[in-house]
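I opened this notebook to record what I looked up in the model. The entries follow the order in which I consulted it.

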Amino acid sequence: MRPVLLLLLLLPALPLQAQAPLVLRLTLVHFAGGSWQAHEIEAAAAQASKILGQCGIVPGGSALVRADVEARFRTFHTPTSRELARDLRPGTPAIYFVDGTRQSPAFDAEAIGRGNSRTRPELRDTVWVTRGTRDLGIAVTHELAHVLMDSGEHTDEPGNLMRDETAPGNIRLSAAQCARLRETGTANGLLSPR
């Protein structure tokens, strides 16, 4: 077989890590008087970066924002959280570390991408993580992947990050998930070339 033809046949099989890396810059929001400490937030972001590395995504630095706001803003609730995001205008994707939620149903963490933000555009490309979220770094990565893929889809695949419940062993992403994450995240301006 000719070397050029062999190379062309092998290109689709190259792992995503071999592709040009894409840079992810996060804004991490926590609150004066809130229950989150900066070191916890930074550790979760570092774990998220490590997990997303399997898709050829590299950290581009994180902006840690400490907002001094009224106590009502430290709980995720669409009306007040829209007001908060409108006033803060953080870079996106943004991850808010809140004390709790008033949403119904109440989730430990919630992702708001393009597809589920039509009635709340101020919350587009954000993740809201409540105190007490277990497997914090994995949960943050799971929700961030929802935003980057602009999809609420879950999978039953064992060990996959996008299972409906986060757990220490669930950190893998399939090649198709990585491709969607990279493509959609770039198209939406959430990932950029290095």
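**Entry 1**

In which loop is P105 found? I located P105 in the loop between β5 (100-101) and β6. I note that the model is predicted, that local features need pLDDT of at least 70 and side-chain atom pairs pLDDT 80 or more, and that totals for chains, interfaces and linings use all residues. Residues are numbered from 1 along each chain as its sequence is written, and side-chain values use heavy atoms, with hydrogens and water left out.

I looked up P105 for its peptide bond: the bond from S104 to P105 is cis, with omega near 5°. The bond from T92 to P93 is also cis, with omega near 5°. I found P93 in the loop between α3 (78-88) and β4 (94-98). For element names I kept to DSSP runs numbered from the N terminus, helices being H or I of at least four residues and strands E of at least two. As background, most peptide bonds are trans.

**Entry 1: positive phi values**

I then looked up backbone angles. Most residues other than glycine have a negative phi. D125 has a positive phi of about 65° although it is not a glycine. I placed D125 in the loop between β6 and β7 (126-130). Its relative accessibility is 4%, so D125 counts as buried; the cut-offs are under 20% relative accessible area for buried, over 50% for exposed, and partly exposed in between, with a 1.4 Å probe and protein chains only.

For D135, phi is near 50°, a positive value in a residue other than glycine. D135 is found in the loop between β7 and α4. Is D135 buried or partly exposed? At 25% relative accessibility, D135 counts as partly exposed.

**Entry 2: the chain as a whole**

I recorded five helices and eight strands for the protein chain. Along the sequence, these elements follow the pattern α-β-α-β-β-α-β-β-β-β-α-α-β. The radius of gyration is 18 Å, close to the 16 Å that the globule rule gives for 194 residues, so the chain is as compact as a globular protein of that length. The radius is taken over C-alpha atoms, and the rule is 2.2 Å times the number of residues to the power 0.38. The C-alpha trace spans about 70 × 35 × 30 Å along its principal axes.

Of the 194 residues, 44% count as buried. The chain exposes about 9900 Å², of which carbon and sulfur atoms supply 53%; areas come from the Shrake-Rupley method with a 1.4 Å probe. Among contacts between residues at least 6 apart in sequence, 69% join residues at least 24 apart, a contact being heavy atoms within 4.5 Å.

I138 lies in helix α4. At 5% relative accessibility, I138 counts as buried. Not counting residues up to four places away in sequence, I138 touches Q47, I51, L161, T166, A167, P168, N170 and I171. I also noted that I138 and A45 are 93 residues apart in sequence and 9.6 Å apart in space, C-alpha to C-alpha.

T141 is placed in helix α4 as well. T141 counts as buried, at 0% relative accessibility. Beyond residues up to four places away in sequence, T141 touches Q47, A48, I51, L52 and L161.

I looked up T184 next, in helix α5 (residues 175-187). T184 is buried, with a relative accessible area of 19%. Which residues does T184 contact, leaving aside its neighbours within four places in sequence? They are L148, M149 and D150.

**Entry 3: the largest pocket**

About 500 Å³ of space lies in the largest pocket. On a 1 Å grid over the protein atoms alone, a pocket is an open set of points where a 1.4 Å probe fits, with protein on both sides within 12 Å along at least five of seven lines; lining residues have an atom within 4 Å of a point. The volume is the space filled by probe spheres set on the points, which are joined across faces, edges and corners.

Of the 22 lining residues, F107, A109, H142, E143 and H154 are the closest to the pocket centre. The elements giving two or more residues to the lining are β6 (109-112) and α4 (136-149). Helix α4 gives the most, with five residues. I recorded the lining as six nonpolar, nine polar and seven charged residues. Here Ala, Val, Leu, Ile, Met, Phe, Trp, Tyr, Cys and Pro count as nonpolar, Asp, Glu, Lys and Arg as charged, and the others, Gly among them, as polar.
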